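Reader: Could you go through this structure with me slowly? I am still learning how to read one.

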Amino acid sequence: MTEIQSTTPLVLVDRVSYTHWNQTEPTLMDCSLQIEAGTLNVLVGPGGSGKSTLCSLFNGEIPHLLGGKMEGTVFLNGVDTATLTVSDLSRQVGHVFQDPETMFATLYVEDEIAFGPENLRMNADEIRRVVDELLHMTDLQEKRTNLVWALSGGQIQKLGLAVVLAMNPAMIVLDEPTANLDPAATHSLHRLILELRQRGMTILLVTRELDDFLLTHADQLLVLNQGCIFASGKPQEVLLTHGMRLTHELGIWLPETAEIGLALRTGLGGELSELPFTAQGMLDALRHYGYLKDHLNGKPIPPEVHTHEVLIRARGLRYAYDAEFEALKGVDLEVYRGEILAIIGRNGAGKSTLAKLLTGLLKPTGGELRILHKNAREWKVDQLADHLGLVFQNPEHQFLTDSVYDEIEYSLLARGCEDDDERKRIIAETLKQLELDDCTGIHPFALSAGKKRRLGVATMLVGQPKILILDEPTYGQDKQMTQTLMALMEDIRRQDVTIVMISHDMRLVQEYADRVVVLNEGEKLFDGTAADLFVQDELVARANLRPTLLEEMLHRYLQSGGTLTGRISNSHDFIHALGLEVQIGR
Amino acid sequence: MADNGFQLQFKERHSTLNRIYPLVKLIWVVIVAVGLFIYKSPLPGAVAFLLILFLAAVPGKIPLRQIFGSAKLIFGLGLLLMIFHFFADPGEEIFRVGFLKITDTGLMQGPVFFFRLSVVVLASFVMIWTTDPRDLMTSLAKAGMPYRMAFTVFLAMRFLPLAQREVEAVKDAHAIRGKAQHSSLGHRFKLWQRYMFTVLINGLRKAEAAAVALDCRAFGTAPTRTYVKDVHFRVADLWLPLATVVISTLLILVERGVFS
């Protein structure tokens, strides 16, 4: 057993390179880092930078379970993990997978938590005590006898956490736990993480998106790029030194306050020594340096792009999966030609059911639904597919061929594009537009997560739908690609195509949606603009939403007597309104 | 996630069949299967079919809609198998459809095979619908099966409804892609292949991830494990296999003409 002599951190990764068994290029390259006991560490990096692979180093998945070739050493409490068994390591480090459902081995919530301790041959009474305690901590008491696949996204993440905590580890690794959660579920999980840190747990949290919570509470920020640590240190230090590169070159989302702070720092010639991460902190800093005037000029409010032609009309729309579960309970809704409509709400609010009704995959069990001037019950799915596209959350489900090229060609053939030259031209254009032109011959299943999603969008776009529905359109995309995709959506909207996006990303909604519909427990709570929505505190809380930091800043600014003309829908607009001519991440 | 009512999964309905010891139900399925392979004529198979439908609907409290919804594919395959036997079995020609002749043996064997397939599958479904996989695993381990092996049975039952959901999701996603022009039978076959490919690949990925997750949760590291929840055998539960043995024996005796 190898031991290192100096004062040992809990984890020391020493010049580790790792190549997966089915790859030729290493995913991690000469990667070194250290993690102190009892700290909250945030690991951030663009898609494909090796974050998930790095997560597998700590509990022995690498080198014990995943095969592949590893060089370098990982020390846990000063002991080389290669010399420990997975069973020993599992008691020291718990890894919550990116999709915790794949970790689950039983049927019910309480059994799932008990499973690990049962394998460790803990006493049954002790296991019951642990289960009760963890159900209480994760607020899952009422769900204890529920099926694990009947939980919402936030509850699944909490159960994943409870499952690893049941093994009583010293450290937990959370791989993008908030990637697909509604804002309130994210907030709730954050609070839980903070509680664990206060109890002395060491935490490594992986994310693509930094928010005010993580930057305020993290003890260490680690930036991974192309398989090695690009920067590490206190969040303030890392952002002050590398903030511009993180957002410009690595495409990492920073909170709006950090983006505005970086612009302010540049505007002040580096005078700002600390970036405020909270909305009030940022406003105070702007006031202090004289940038926050009594009046802000936003960009002009664009004329209404959409017409008033109603393409979809729902009246008292209901859908029940069975006698016990009604997903939609009498929703009234209009969808206009040429608008970008965002449908938002907590996990399980009925958004995906509504999307399936709009595409004909489900038929209403009550009320009226007219799609393109025809009763929804009269539409067949394949006929409706000629007019309406849906990009699923899991794009793999949609793929039908063996190459990226064929996948797009299939959609063109389905819409009746018989001319070979025309097809080739459209395919080439689409591939270039979505930066897929370097992988035309690759099997769709072999693409990265981000490219799969773009291909899913491409297959629907070339079908020239009248209405395009996108379920979490930018999930897994970095900042640049999100902006490229949304610019594309705005382009096609200008061609009179209606975009309906289902999203948990409030920044996306605030920046791009003409209109927002909020669903909650199968009912419509709100129908209006994002700006009108986020000032209604009670409604926002009821729907498990949370205003963006930018919206919070604007709200506080207006409440303190400031005035605003025009529209500010992203941090770039805000920076411009302040008179700071600095480009941030655009 | 909603349960659409056609899932191949256990549901606690507080029924008589729910309460029977899992291992006893497993033995019952085996007895049913053995009986079916002894029957030589369609009548005992038909009686067994009706009895199992009755068992599922009354002591099992399973809605008929669910029974027929889940088993329709198997019944369809059973019908195809029956038709195949009508024409393929040797024997005396009863009548002819074009160049195809239907024989007396085929007419007798077709329904026999239909009932063999349908009844075995239906009995297995009844067990799945009424047995908590966790309890089955515990009862198998208590009967002396190594727990790692018992857990394999549990995992198979656990993943069945998930696979069914995956199939539904892929079907929906493919439907949205629309139909390419000149959609021929060959093209449909290709779509079917793709459909199976997607489900298989995702199934394999999930299995791989599940295997890693099990190792990380210390599964299989010790020769035994604790069970927080236990199941207990009751002698009264034996009514099901015993009644099945008696009925099957009677059917065989009637078929063999012992009472005539």
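Reader: Where does A:Pro63 lie in chain A?
Author: A:Pro63 belongs to helix 2 of chain A, which covers residues 61-65. Please keep in mind throughout that this is a predicted model.

Reader: And what is the peptide bond from A:Ile62 to A:Pro63 like, cis or trans?
Author: That bond, running from A:Ile62 into A:Pro63, is cis, and its omega is near 15°. As background, most peptide bonds are trans, and most residues other than glycine have a negative phi.

Reader: Which value does phi take at A:Glu521?
Author: For A:Glu521 the phi angle is positive, near 50°, and this residue is not a glycine. A:Glu521 sits in the loop that links strand 20 (515-520) with strand 21 (523-528) of chain A.

Reader: OK, over to chain B: where is B:Ala218 found?
Author: B:Ala218 is in the loop of chain B between helix 8 (185-216) and helix 9 (239-255). B:Ala218 is not a glycine either, and yet its phi is positive, about 65°.

Reader: Is B:Ala218 buried or exposed?
Author: B:Ala218 counts as buried because its relative accessible area is 0%, and the cut-off for buried is under 20%.

Reader: Why does B:Gly69 count as buried?
Author: B:Gly69 has a relative accessibility of 18%, which is under the 20% limit, and therefore it counts as buried. B:Gly69 is part of helix 4 of chain B, residues 64-88.

Reader: What follows helix 12 of chain A?
Author: After helix 12 of chain A comes A:Gly360, which has a positive phi, near 85°.

Reader: Changing topic, which residues touch the most other members of the largest nonpolar core?
Author: Those are A:Leu286 and A:Phe574, in a core that holds 144 residues. The element that gives the most to this core is helix 5 of chain B (residues 104-130), with 11 residues. There is also another core, apart from this one, with 86 residues, including A:Ile344 and A:Met506.

Reader: What is A:Leu286 in contact with, beyond its neighbours within four places in sequence?
Author: With those neighbours left aside, A:Leu286 is in contact with A:Ile260, A:Leu264, A:Tyr291, A:Leu292, A:Met553, A:Phe574 and A:Leu578.

Reader: And the two chains, how many residues does each bring to the contact?
Author: Chain A brings 66 residues to the contact and chain B brings 58. The area buried between the two chains is about 5300 Å², and carbon and sulfur atoms give 57% of that area. On the side of chain B, the residues that lose the most area to chain A are B:Ile176, B:Arg177 and B:Arg217, which together make up 18% of what that side buries.

Reader: How many salt bridges are there across the interface of chain B and chain A?
Author: The rule finds 8 salt bridges across that interface. In one salt bridge, the side chains of A:Glu407 and B:Arg177 meet at 2.5 Å, N to O. Between chain B and chain A, 23 residue pairs are in polar contact.

Reader: What kinds of residues make up the side of chain B that touches chain A?
Author: That side of chain B divides into 30 nonpolar, 12 polar and 16 charged residues.

Technical notes. Residues numbered from 1 in each chain as written. Chains lettered and ligands numbered in written order. Predicted model: local features only at pLDDT ≥ 70, side-chain atom pairs only at ≥ 80, totals over all residues. Heavy atoms only, no water. Core = buried A, V, L, I, M, F, W, Y, C linked by side-chain atoms within 4.5 Å. Buried < 20%, exposed > 50% of the residue type's maximum accessible area, 1.4 Å probe, protein only. Helix = DSSP H or I, 4+ residues; strand = E, 2+ residues; numbered from the N terminus. Contact = heavy atoms within 4.5 Å. Buried area = accessible area lost by both parts, 1.4 Å probe. Salt bridge = Lys/Arg side-chain N within 4 Å of Asp/Glu carboxyl O. Polar contact = N/O pair within 3.5 Å; in protein donor to acceptor, adjacent residues only side chain to side chain. Nonpolar A, V, L, I, M, F, W, Y, C, P; charged D, E, K, R; others polar.
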